[in-house]
Amino acid sequence: MAMGIGGSQSGSFLRGSIFYGFNEDEDGRIVLDGSWPEIDGRMLWLNQRWAQPTVLTQLNMGGDEAPVWWADFPNQARGLPADGILHRCNATGTCPQILETFGELEWYGEKMGPDFTGFCVVCTTDIPVPSNVYR
């Protein structure tokens, strides 16, 4: 059994690596059985020229361009169809068990709200929490 644990930027990396399909090896096997992205509500953007060295991302900056929530849910701010961090690994059966923990900075400084409600003008529902995500 293997578990990835990361806080802040390394937590962003865990979230991004799951979204981009890096939890599956070349033979289609699961890499990490568990993932604990601590105190982070975004993804680490990869391969972006002139990336900004800050954790205070804005709506259209790297790290917030992809869905930052686990379950498939529409990206209403951009008019995109339902997608989620776990979308790709759900299709291949390589999703890890997820443990999420937060601090107050994620809520007030790093836009943790979209992880719960999506990018919407008036958010009326919470995004469902998948059965493998524990908050």
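Good morning. I begin with the link of Cys89 and Cys95, which is right-handed, with 90° about the S-S bond. The two residues form a disulfide, with an S to S distance of 2.0 Å; the term denotes a pair of cysteine sulfur atoms within 2.5 Å. By this rule, the count comes to 1 disulfide.

A word on the basis of these values. This is a predicted model, in which local features need pLDDT of at least 70 and side-chain atom pairs count only at pLDDT 80 or more, while totals for chains, interfaces and linings use all residues. Residues are numbered from 1 along each chain as its sequence is written, and side-chain values use heavy atoms, with hydrogens and water left out.

Are the two cysteines buried or exposed? Cys89 counts as buried because its relative accessibility is 3%, and Cys95 likewise counts as buried, at 18%. Here, buried means under 20% relative accessible area, exposed over 50%, and partly exposed in between, with a 1.4 Å probe and protein chains only.

I turn now to the chain as a whole. Of its 135 residues, 39% count as buried. The chain exposes about 7,400 Å², of which carbon and sulfur atoms supply 57%; the areas come from the Shrake-Rupley method with a 1.4 Å probe.

The chain has 4 helices and 6 strands, assigned as DSSP runs (helices H or I, at least four residues; strands E, at least two). In sequence order, the pattern reads β-α-β-β-β-α-β-α-α-β.

Finally, contacts, defined as heavy atoms within 4.5 Å. Among those with a separation of 6 or more, 65% involve residues 24 or more positions apart. Thank you.
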